[in-house]
Amino acid sequence: MSGAENERAAPKVAVLPDALANQIAAGEVVERPASVVKELVENAIDAGASRILVDVEDAGRTLIRVVDDGEGMSPDDAALAVLRHATSKVRSADDLLAIGTLGFRGEALPSIASVSRFTLVTRREDDEVATEVRIIGGAAPEKRLAAAPVGTRIEVRDLFWNVPARLKFLKSDTTEQQQVVDLMKGFALGYPHVHFRLGTGQRTALDLPSVRKLHERVVQVLGREVGARLFEVGLQTETLRVTGFVASAREAKAAASAMTCFVNGRRVKDRTIHHAIVSAFGSELAPGRFPQAVLWIHIDPSEVDVNVHPAKAEVRFRRPQVVHEGVVRAIQTMLLARPWVDASPLPLERHAAGLGPRGGAIQPLLTGHAGDRPTASRDLFAVQRPTLAPYAEPPCVGDDAREAPTDRDDAREVDEGPGTHGARDARPTEVRAPEPRPSHATELRFGERPTALLASEAPAWRVASPPVAAPASRRSTRLVGSARGLLVLELGEDLALVDPQAAVELMTLQALEARPVAQPLLLPARLDLAPSEARAVLARCADFAAMGLEIEPFGGPTFQLLALPEAALGASPTTLLGELARLLGRRPDASELELRRAVAKVTAMGVRTPLDPRLIDRIVAWAESASVDARDHRGRRALLLLSAGEIARRLGDGG
Amino acid sequence: MARARSLAGMTIGELGQRMGYRVPPDLSGHKGFVGQLVEVALGAHAGSDPEPDFVALGIELKTLPLSAEGRPLESTYVCLARLDGREGLDFKASHVGRKLEQVLFVPMVADPVATASCLAERRLGRPFLWVRDAEEEALLAADFERLQGLVLLGQIDEVRATEGVALQLRPKAMDRSERTLGRSDEGWLVPVQPRGWYLRASFTATLVQRAFGRVLAPR
């Protein structure tokens, strides 16, 4: 076989070696030293650490070290953790719908290890010795025993040593180091119960011991001066808890970076939240300006999708409008109270001084300004629930039950269990069973399926009350045809011919006897009556009402018919009014039965061919129990029955 | 109600004459004339204010143009929408929600033989009071929440008239240049085209049908 033939035979598609696949994945996950720090600190937080110490040298190019006092890993887990898509945080696709941890993809460690000299040392509290895993440039992991305290230490040396092209894209040391500092500040704001320390070479860039109150962490991270300009906001609804600090419109900045937001402890740049913060200020904020704000949003994890961005910097809310409204309302309540009008030099601390142990973030505004803006405050917080949903709990707002240790000792000397972790505690909210919907089977409702609409339409020929039961009910009635304006029905073994007009008259008569409900007419029928007719009609209005007819004088000789019983909706209202007036004009003492007969007669006159299918159905149903002797006002039978025996006899069967 | 019922059967021309108003030949350039005429005849006054037309009764008045067969000819304007984000997602507390708590619909029926544009020949039908039930409220609230959500998020330009099962959000302006304050996609207040809340014709059709059983009685 020639070389060219060999080339043709070789497959063009090949599975990449793991090391190369990890390096490619690292392109997304590991962009710069700060991305490595982000992934490793997220893991530490997910491990329940109460102290996280980060050291970087040369802005992270030569060394990134993250040490935590979290729960650590077993020797087997430590070996697995560096494999691609190995994670302890997700087990099934369902878990992705309610992610309560910062990491979950299982990509970070192998990606980082593929572009660095990577060392992981970890020990659980119950293990006597630690496990060390070393990987150099994505090569096979080397595992051995080591000595180390409880927790995990990861060292990433010589980042991008094997992909020098990536090194060229890094910015200056100052820029890269500032990225790490900003990142750590973000973590610190998101997790006030965790002690964070960042060392850069020989100096300590940040040392943020755990605190009990959010505002203390804000002052730690942003400084006392900025803290003094921020005012507390808070709101809790059934699915959402918003806490944070926002400055007045006067302090607005030109960049959106003035707004720092956390969703379930994760720092995000979310369009919905940013929009809500800006919107809350209304006309107080000039276009192009952004308020200074730090907001923590705690929401049921099932209400938010964090798996939408490679670096998880963006999230997608299931109901963004609800989050938007919550943020707007939280901020507007603060703005309405105008706390900056008060002369206190440290508004944030003054407000925070009144914080209660739980849900207290809302209290200062309520107590301090309720008198000034009672309506707004009461309305706003009327939705609060007495107890908090688990997801609504901020990681640290002075909650005694969830307090993290507050100390300034070195993390390596700590011998405590894993710290608390807000996102870790996340549990889906209770699912309420839907309330049973009221039945409206007999009423027309918007949105019903067309069949239901049709069933309740049948406007002209509906009978409001069920027909009066006849002594003998026939079975298996069905329409078999029509001839000469008559319906041909099969009634069990018998045959019947039905005159629709007469049937309608009898059906209406039956319905009128049951004192039916009046059905208003869209347009009233008006008629000028002769004086004798007018007097008689006026005298019988109560009798008409008993039949479901609403007739009243309309000034002068004019009378109007405003409503008909449902059974008579096929009648022409004007004709009906005239017929009744003529009857009473001739015989003012006509009986109620005569009046009903008049109504039934006019209703029957409204029967038009071809017959409405719904009317046919009604006639068929009526025929099942109709009397063969019933006759209409003309003396005409409505139903002619040919029994099976008579048919057989006339046909000569059986001799 | 008795006063309202006394209008039933009257033509717009007759009512205009009774109230001393000259009835325009058609509604072009006189949008809202019939509504105002009926409001004056019944002593209501609120217009697009947040409170209902009959403040003491909490009842909103709406004329409802119907075809000769009794089908609503158009969607029913309820009120202007607040686009500045000052109104939340709570339908019941919203301007439109309060307007739609109880509505006295005054049907205006086209004459089957007159030309459609002949306003004076149109006849007022029997007014009917609609008090929304829980199911209708849920339907309206769902539409409101979705559409108002887009308003709050600064996505008003993405709202289409096809959205909403019972409630619609549509442009409402005397001309295309009219502007009100609304939310930009960044959240700032910027000039936008005014919008109004409307009840869909298919929704009001069910209300008419429920009120009258059938559409029109034969004359």
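Angles from 65 to 115 degrees between axes count as roughly perpendicular. The exercises below apply to a predicted model.

**Exercise 1.** Determine how helices H17 and H19 of chain A are oriented to each other, and which residues form their contact.

*Solution.*
Step 1. Two packed helices are described by the angle between their axes and the distance between the axes.
Step 2. Helix H17 of chain A spans residues 531-539, and helix H19 of chain A spans residues 573-586. Their packing angle is about 100 degrees, and their axes lie 8 Å apart.
Step 3. H17(A) and H19(A) are therefore roughly perpendicular to each other.
Step 4. On H17(A), the contact is made by A:Glu533, A:Ala536 and A:Val537; on H19(A), by A:Ala581, A:Arg582, A:Leu584 and A:Gly585.
Step 5. Sorted by class, the residues of this contact comprise four nonpolar, one polar and two charged.

**Exercise 2.** Describe the interface between chain A and chain B by its residues, its buried area and its salt bridges.

*Solution.*
Step 1. In chain A, 50 residues are in contact with 48 residues of chain B.
Step 2. The size of an interface is often given as the accessible area lost when the parts come together. Between chain A and chain B, about 4100 Å² is buried, with carbon and sulfur atoms giving 58%.
Step 3. Two salt bridges are found across the interface of chain A and chain B. A salt bridge joins the side chains of B:Asp185 and A:Arg271, at 3.4 Å from N to O.
Step 4. Between the two chains, 15 residue pairs are in polar contact.
Step 5. Elements of chain A that each supply at least two residues to the side touching chain B include helix H11 (320-337), strand E19 (518-528) and H19.
Step 6. That side of chain A has 23 nonpolar, 16 polar and 11 charged residues.

Key
Residues numbered from 1 in each chain as written. Chains lettered and ligands numbered in written order. Predicted model: local features only at pLDDT ≥ 70, side-chain atom pairs only at ≥ 80, totals over all residues. Heavy atoms only, no water. Axes fitted to C-alpha atoms, helices over the stretch in contact; angles between N-to-C directions. Helix = DSSP H or I, 4+ residues; strand = E, 2+ residues; numbered from the N terminus. Parallel < 35°, antiparallel > 145°, perpendicular 65-115°, else oblique. Contact = heavy atoms within 4.5 Å. Nonpolar A, V, L, I, M, F, W, Y, C, P; charged D, E, K, R; others polar. Buried area = accessible area lost by both parts, 1.4 Å probe. Salt bridge = Lys/Arg side-chain N within 4 Å of Asp/Glu carboxyl O. Polar contact = N/O pair within 3.5 Å; in protein donor to acceptor, adjacent residues only side chain to side chain.
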